[in-house]
Structures are given as structure tokens and as C-alpha cells.
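Please read this briefing alongside the sequence and the structure. It begins with a term and some conventions, and then takes up selected topics in turn.

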Amino acid sequence: MINNLNILLPEIFLTLSIFSILMIGVFIKNSFNLIFNLSSLIILLTIAIILNSSNNVEKIFLESFTRDTFSNFFKILILVSSLFVLNSSKNFILDNKLAKFEYPIIILLSILGMFFMVSSNDIILFYLGLELQSLSLYILASIDRDNLRSSESGIKYFVLSALSSGLLLYGCSLLYGFTGSTNFDLIANELSEENTGAVFAMVFILVGLAFKVSAVPFHMWTPDVYEGAPTSITSYFAVVPKVAGLAVLIKFMLIPFSKILMEWQIIIIFISIASMILGAVAAIGQKNIKRLLAYSSIGHIGYALAGVATGMISGYESSIVYIAIYVVMNIGAFSCLYLLKKDGEYKENISDLSGISKKHPILAISFLVILFSLAGIPPLGGFFAKFYVFTAVVEQKMYALAIIGLLTTVISAFYYLKIIKTIYFDDSIISFDVTKNKFAQLSIFISCGILITFFLYPSVLNNVVDTLFLN
Amino acid sequence: MDFPILSTLIFLPLVSSLFIFISRGQKNNNSAIYISLFSSLATFILSLFVWYSMDYASADFQFLEEQSWINDFIKFKLGIDGISILFIVLTTLITPICIISCINSVKDRVKEFLIAILILETFMIGVFCSLDLVVFYLFFEAGLIPMFLIIGVWGGPRRVYSAFKFFLFTLLGSVLMLVAIIAIYWITGTTDVTQIYEIKIPKEYQNLLWLAFFSSFAVKMPMWPVHTWLPDAHVEAPTAGSVILAAILLKMAGYGFLRFSLPMFPLASEFFTPLIFTLSIIAIIYTSLVALMQEDMKKLIAYSSVAHMGYVTLGIFTFTKQGIEGSVFQMISHGLISAALFLCVGVLYDKLHSRMISTYGGLVTYLPKYSFLFIVFALAGLGLPGTSGFLGEFLVLTGTFQKNYLVAMLATFGVILGAAYMLWLTKRVIFGVTKNDQIKNLKDVNKSEFVILGILALLVILFGFYPVPLMETLNVSVNNLINNYENAVKASGLN
């Protein structure tokens, strides 16, 4: 039993820490700063605990909870990205009077939910983790209570997400009905191509997951929520839940649905192509950067799903590399937004960026690197992400998917170029305040550094990801 | 392994651009100009050293460098042969010239401009050095970023349109090449060019792969009908941008045909020769006619570039020694001549801020030195014997006559058209009546302009009379290329 608890140590630590800082928040007034710093510390400690835990595969609690390299990798990715997202947005939170002590606590709670998602080996545990995550996200979307748009986005997200959770739960119960088990391994044994009911269940589950990673045609909430929610929350939405969602998707393909991959693949190929096309086309007309990044994230999820659609380990690996680089790029892009402050107000229209290259050359060049990387132009990191995905796709002789995918990169290059054009070619209108947001600057620096130097040793991520599927 | 001389060559400009980036914050730009000039000259001297010390008698790739790169299966492989060294030297020669020219013409954000030029130089040298398809693609595409900025930030009034058109056209062409590269990797198990030469890609794949590569090179070349980005890009780009675009970026495509399309897909190359011949002939005749109609000097030279590149593709796909050597020679000579012509237009543009032919006229009276140089380059551009322009076209036509009389005749017709637009341009700009009073107050070329134009004029005339150094360098590599091609075609039993 004690051994079991050892395996669960990161989750236990996180839960207890959340309870204790919640108490601090309740009993100490104006404790936002304290709690904020404590949460960063908790995230760091959790990373340390996970790094220290062994990587052997352990399944505990009636094999409903797994701890292996796969889950550990994703937990660390989730924690590190949350750490950067949270800290780079601190000034934004303070400036926009969002400094409620619940803010970091709810973020930690959603992280806890994602932990259970990526570790679950059982439908019920998976669903509980997903709901914990989703409920936290609903609150976060509407955290700016007095702002109409924020509240609207929260409600919108809640209603649609609840619907998708319902579909997912329906799929889960169908799956239980047709296979007689909730355990992933047992389900995998029971399933076969002839099991039509289970194929039904799979479709419902896929719909739920596609909603969570905002893949077309379940993406409708994304632009509105991204635009309506405060930027600090949007950056969290754009990064962390996608990582968890993709991890779960891969896990479903890997274990419970491994025997009915064919059916599952067709749907993912469709979703992937639709996401790539919509992400490329719909972003063209956008004037708001957050909305544009929402569409761009839909497109990026499309590319990541292209790797998943191969149904091969090499494809999953390429998707994981893709999502990791995507995280780096998005953290950089959102950190840039935190520096666009004028008279206490954060600008979020593309036209506000006009000519910032003259007044803020360093910020402009960072934005340039990140945008070209998002567009997938070599020699930046984004190119290698796409390269790996399409290498895996072509390996499976899915030439149509590869060609459509690469053609959409050309279309999406257009709107990234449009932002670069605004930054570099247009005359400057606004001179932004020189904000002392050290952490945002640091994360921009790290993000650009990774993207620029990635070509020196492009297989660094692959070497890590290779180890995830050894067992 | 020996000293990694090619990597040094590639990354020297990049490192010096980093220095310029760090040295920001000073009021004048002198230090930036000196750093960039010094480093580009050092790169030039280094490339001359490489040229001098390589073995012309060997058809193998030399100065090989190999570094494990992506997952141990794709290597960062560099190496040069007789063909690529010429392009490298051309690149390293043109870059310092651009830097000198920008002292006069670029007034705004000079440091950033120099950084962009140096980074672009790194990518361009990288293209000509790489012996791995992925490395090649990396450098080939990366060049888009600095060029996009050069056109967009320092360009003329329609710069945004031109920069976008340039970027998206080229990117669209290239993504298909990326698919092809990945496909080649899965077919042959490697992206190392030298290994692919040995393995020989199966016949059934060759045509599609060839087309994918063609889509990229045709846009870059540019071939009719995807040439429309070039006039726009040339017209709006600043002088140095036009020079690099015409002198080097266009040559990447010709080099790509020689390095990749021909040796990797010999059967497909044979199969698609009629297509290339047709497009080349259309390019030569149609764009020459279009050039005749232009009222903008830069546009005229841009269309003449398309026509000249028509000879290059024509020569490459004759698969004869004369044709291919002529193509390479034509590329080098066009690199020098078009660079010089764009510089000449730039000199005038800096003074009167007009590129229209009608603004000028009768320059010979007031700008004698300038007029002399302009006439030299115009004559070289139309292929006057004694200039380098003649030799390239002559060799290409000789090669073409061995293959197809009709095509050769039509191409020869293009030479006449070339003479027509170039001479008419000279007549209208240099001679004729001075209608514009401003011209009377113009100063002749200053020292730095005279030096760079003079060097280019000397080279153009030198190579016109004494092409031996270029030909000697090329000889063995081209022979080897043709031998391999003929063996592959014979083996397949097509001929």
C-alpha cells in the first residue's frame, strides 16, 4: 500500500499543497502574491518529485492508474509550460485586477486533473480527471467576472464543453456495455473489428477528445473563448490542455483502441485535414491577435493529429515532438503580447503592432522569429516539427495528407506574414511602455533561443520521445 | 577530419552578423559597415582559397564534412565539386559588392540591412555546399526570410505586394519538393545525395519526384509561366536586394537542376526534356518581347533575366557537354552582368529617384564614366563577342543544335531580340536628347560606385576573352555528370 502511495506521490503532493494554499488564501488577506509564488514553488517541487521517481511501468489501484515514462514526460511538459505561462502573465494579472488568490489555485487544480488524464488506465479515472480539468477551465475562462466578454466566453465554453463531456461519457458507457470493462487493457482485449457497438463508442469518445483539443469540426468555441478570456488565461488554454488532450488521444490509440485503429484512423485523418484547412483559411481575415492565434492553434492541432493519424509509433512520436515545439512557440507568442502595454491597457489588435520594429527592435525580432517558426519556415524549430510529422505521414504512404498539409502551411504562411508586415513594413503608430516584465522577457528569450538553435541538434526531442514507447 | 573549411565559409557571415547585432546602440553605422565588409571580404578570400586548393581533375566531391544531425539517419553533409565552387565564389564576390553599394543607397536601418544581407549570404553558400537533401532544403527555404525582409522593409512603394508574392510563390513551389525529399528518404533510405546517385531511384517514382523538384526550381528559376513574381520583386527591392536576387538566388534553381534533378532522376529528365524546351523557348522569346515594352529600367532587366534563364534551362537539358558548360557559364556571367546592370540603375535611382526610362536621356554628355560602364554591361547583356555574355549563349546554342534544330533556331531568334531591347534601352537612356534639366546637375559615379562597377566590368571582359579558369574548374564535373546520365539512360534501354 505504501508502495502504491509512492507511485502516486506527485498527485498526492499536488493535492495537499492545493488544500494548504487554499487555506492560506482564505485566512490571509491580500495573499495573491504569496499564493502565486507558492504555486510556482509547488510546480517546481512537483517537477522535482517526478524527475526523481523511477520510470518503471507501475499499474496500481486495480490497474486503473499507470505511471510510466509516457505519463511522466507529459506531466513534466504540462508543469513546465504552466510554470512559464503563469509567471510570464503575472504582470498582466496584476494590471488587469485579476489578482484573486483563487487564480493560481484553480490552475493547479486543472493541472491535477490533467495528471489523472495522462496517467489513467481506466475510463472512470480518465473521465474524472477530464472533468476536474474542464471545470477548472470554465472558471478560468470567466475569471474576469465584471467583464461581459469574459463571462460570455466562460458560459459558452461551459455549455459546449458540457455537451461534449456528455457525448464522451455516453461513449464511455457504450464501451463499458459492449466490452464489460472499464479498464483500458481489458477493453483492448475485448475489442475487435466486428464489435460494431464499440466502434460507435469510439466515435463518441473521439468527439469528446476532439472538442478538448479544439479540432475541426468541434472547434467553434475556440475563437470566442480565446478572444473573450483574459490573455493570461488564453495563453494557458492555448498551451496546456492541448498537451493533455493529445496525450490522452495517443493513449487511447495505443491501448484500448489498438485493435480497431482502421476506423479510428479515418476519422482522425478527416479531422486533421479539416483542422489544417480551417486553421489556415479562417485566420486570414482576423484582426485580433488572440483570435488569430486561436485559429492558428486549430491549424497546429491539425498538424499534430496528422502524426497521430498514421497509427504508428513513429507518427505518435512526431506528434509529441510537434506539440512540444508548439508549446515553446505559443509561450513565446503570448509572452510578446504581455509586453504590448500602452497607458495601462494591453493591446491585442494586429494593427496595434504597426511599426514596432522601429521603437522596440528586440521585441520585433523575437516576434519575427516566433511567427516564422509558427509558419514552419526553416531553419527554425517549427520547420523541424512539421518535418517530423510529414516524414511519419509519408512513411505510411499517406501522400494526400502530406500534400494537403504542406499546402495549408503556405496558406497559413500568408497570415503570419501579414503580422510580420505590420511589424516591419508599416509606419509606427503606438509607442508601447517599456514594461519591466522580466519573466515575460525571459520566456521570449528562451523560446526564441530554442527555436533558433534547434537546427544545431534537431533530434534532441526525438531522443527523449523515443524512450516513451519502449514499453 | 581536416579543418572544416566549408562550415567556416558558411557560418562566417552569420557569426559576423551576430557581432553587428551586438554592436547596436552606437550612433553611426560605420562599425557595422566595416564589420560586414571585412567579414564578407574574408569570406571571399576564403572561397578563393578553396577554389585554388581544390583538385579540378577529380570528379568526386571535395572538402567533405559529415556530422550526424537528425536522429543519426540524416547527416549534415557538405562538400563541393567543380560546379558548386563557381557559385560559391560568385556569392562571396557579389555580397561585398552589395555591401559597398548599400553605403550610398540605404539610409534607413543600415545595421538591420547588413545583418539581413550577411544572414542571406550564409544561407546562399549553404545551398551550394550541401550534399544532403534536407540540408539543401533548409538553406534553400531559409533564404526566403531575409529576402522577404529586404524587399519589404527597404523596398519601393509596392513592396508589400511584391514581398508577399515572392515569399508565397517560392514557398508554394518548395513544399512539394519537401514531400518529394521525404518520399525519397523512404524509397532509398537516405537523403545523402552521393548515396542516392549510387542507389538509383526506381523508374516508376522518377517522374513524380522530378515534377515535385521541378515545381520548386521552376518558380525559383523563374520559368514561364511562374515568372511573374520576379519583375515585381526586382522592381520593388532595394538595389542590393535586386542584385542578390538576380545574381545568386535565381542561380539556385539552375544549380538545383544540375545537382539534383539530372543525376537523381535521369530518366525523368529525359522524359520531360520537351516540356523544358518548350517552356524555355517561350521564356526566351515571350519575355524578350515583354522586355521590349517596358518603361521601367529595372523591370526591363528583370524580364531579360527571365529570358537569360531560359537559355540556362535549355542548355542544362540538352545533356551535352557544351550545353551544360554553357549553362553554368551563362549563370555565372549573368550573375555578374545583371548585378552590374541593377547597380547601374541603382546609381541613377539614388540621384533622381526614378527608374523610368523616360526620365533619362542623353546621359553620355554629363555622366561619361557612368555611360561607358553602362554600355559595357548592356553590350555584355546582349551577348557581344568578347564579353562573358556571348560565350554562355554561344555554348548553349551549340549544345542545342546537336539535339534539336528547331529549338536552336528559335533560341537564336531570342538573341536578336535581346540585342534589340538592350540597344534600345541604351539608346534611350544614354544617348538621345536631354529632356530633363536635372540631369545636367548630376554628378558622375563616385569612387565606391566606380570601383565596384569597374571590377564587374573587368571580370565580364576577362571571362569573355579568357574563360579557361571557369571551364577548367567545370570540365571534369560536367563530364562526370553527363557520363552518369548517359549510363543511366542506356541501362534503362530508352535510347
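A residue is called buried if 20 or more other C-beta atoms lie within 10 Å of its own, exposed if 12 or fewer do, and partly exposed in between, with the C-beta atoms placed from the backbone. This is a predicted model, in which local features need pLDDT of at least 70 and side-chain atom pairs count only at pLDDT 80 or more, while totals for chains, interfaces and linings use all residues. Residues are numbered from 1 along each chain as its sequence is written, and chains are lettered from A and ligands numbered from 1 in the order in which they are written.

**Confidence**
- The predictor assigns the complex an ipTM of 0.91 and a pTM of 0.92.

**Contact between the chains**
- Chain A contributes 24 residues to the contact and chain B contributes 26 residues, where two residues are in contact if their C-beta atoms, placed from the backbone, lie within 7 Å.
- On the side of chain A that touches chain B, two or more residues each come from helix H18 (381–395) and helix H19 (399–424) of chain A; helices (H or I, at least four residues) and strands (E, at least two) are DSSP runs, numbered from the N terminus.
- H19(A) supplies the largest share of that side, 11 residues.

**A helix and a hairpin**
- Helix H15 (residues 313–338) of chain A is mostly covered, as 24 of its 26 residues are buried.
- In chain B, strand E1 (residues 62–70) and strand E2 (residues 74–80) run antiparallel and are joined by six bridges; two strands pair if DSSP finds at least two bridges between them.
- E1(B) and E2(B) form a hairpin with three residues between them, and Asn71(B) in the turn has a positive phi of about 50 degrees.

**Backbone details in loops**
- Most residues other than glycine have a negative phi, and most peptide bonds are trans.
- The peptide bond from Val216(A) to Pro217(A) is cis, with omega near 5 degrees, and Pro217(A) lies in the loop between helix H10 (196–212) and helix H11 (221–228) of chain A.
- Lys397(A), in the loop between H18 and H19 of chain A, has a positive phi near 60 degrees, and Lys397(A) counts as exposed because it has 12 C-beta neighbours inside 10 Å.
- Lys200(B) has a positive phi near 65 degrees, and with 19 other C-beta atoms within 10 Å Lys200(B) is partly exposed.

Notes:
The expected span of a helix is 1.5 Å times one less than its number of residues.
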